[in-house]
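Thank you all for coming; I would like to walk you through one structure this morning. Please have a look at it first, and then we will go through it part by part.

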Amino acid sequence: MNLVHKIEHWGDTHHPKVLDIVRIVLGVFLLVKGITFMENTSYLRGIIIDQNVIDVSPDMLMILVYYVAFAHMVGGILIAMGILTRLGCIIQIPILVGAVFLTGIFQEPINAMLWPSVTALALLILFTILGSGPWSLDKVLSFKG
């Protein structure tokens with residue numbers, strides 16, 4: 001049994017049901033954040049440009065903005081429904097790592113924009129390890145009772 005299977009097995013056997021509620025809330029949060037970004041792409045574009053970290057062409061910047069919004073929406077749905085949860089989390093982790101650093105982690109010691117990103121990143125790492133849990137479509141579709 002390789003390391004990935006051992007982690008999956010451990011996560012499947014050590015998953016309290018209350019964490020499923022946290023997983024659903026995280027998924028809904030990411031979905032709403034993605035919808036918000038899609039409705040107001042200039043806001044996300046402004047966040048990225050204001051940091052002076054990413055220097056890309058305007059076309060590439062808009063591709064990045066739409067990727068972030070789309071990934072949040074799709075990943076949020078996957079995480080909330082509990083289907084392909086680990087994949088949904090893995091897709092989100094690079095975006096949230098970028099969000100943690102783009103919201104000014106090194107600029108301001110107390111930053112209201114930073115804490116939701118750090119919390120979401122920690123939960124994504126947790127659910128990458130633990131998986132979907134007992135209240136999920138993965139469990140329903142597995143037919144393992």
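This is a predicted model: local features need pLDDT of at least 70, side-chain atom pairs count only at pLDDT 80 or more; totals for chains, interfaces and linings use all residues.

Residues are numbered from 1 along each chain as its sequence is written, and side-chain values use heavy atoms, with hydrogens and water left out.

Let me begin with the overall fold. The protein chain has seven helices and zero strands, where helices (H or I, at least four residues) and strands (E, at least two) are DSSP runs numbered from the N terminus. Of the listed spans, residues 21–40 are 95% helix, with their end C-alpha atoms 28 Å apart, and residues 60–80 are 100% helix, with their end C-alpha atoms 30 Å apart.

Turning to the interior, buried residues make up 36% of the 145 residues in the protein chain; buried means under 20% relative accessible area, exposed means over 50%, and partly exposed lies in between, with a 1.4 Å probe and protein chains only.

His-72 belongs to helix 4, which covers residues 58–81, and His-72 counts as buried because its relative accessible area is 5%. Leaving aside neighbours within four places in sequence, the contacts of His-72 (heavy atoms within 4.5 Å) include Leu-30, Lys-33, Phe-37, Gln-92 and Leu-96. Ile-77 is in helix 4 too, but Ile-77 is partly exposed, since its relative accessibility is 38%. Although Ile-77 and Leu-30 are 47 residues apart in sequence, their C-alpha atoms are 8.2 Å apart in space.

What about charged pairs? The count comes to one salt bridge, defined as a side-chain nitrogen of Lys or Arg within 4 Å of a carboxyl oxygen of Asp or Glu. That salt bridge joins the side chains of Asp-20 and Arg-23, at 3.5 Å from N to O, and both residues are buried. Because Asp-20 and Arg-23 are three residues apart in helix 2, about one helical turn separates them.

Finally, the surface. Leu-3, Ile-7, Ile-125 and Ile-129 make a nonpolar surface patch of about 350 Å², to which helix 1 (3–13) and helix 6 (114–130) each supply at least two residues. Leu-3, which sits in helix 1, counts as exposed because its relative accessibility is 60%. Patches are made of residues with over 30% relative accessible area and no salt bridge, like charges being joined within 9 Å and nonpolar side chains (Val, Leu, Ile, Met, Phe, Trp, Tyr) within 5 Å, and accessible areas come from the Shrake-Rupley method with a 1.4 Å probe, where for residues only the protein chains shown count as cover.
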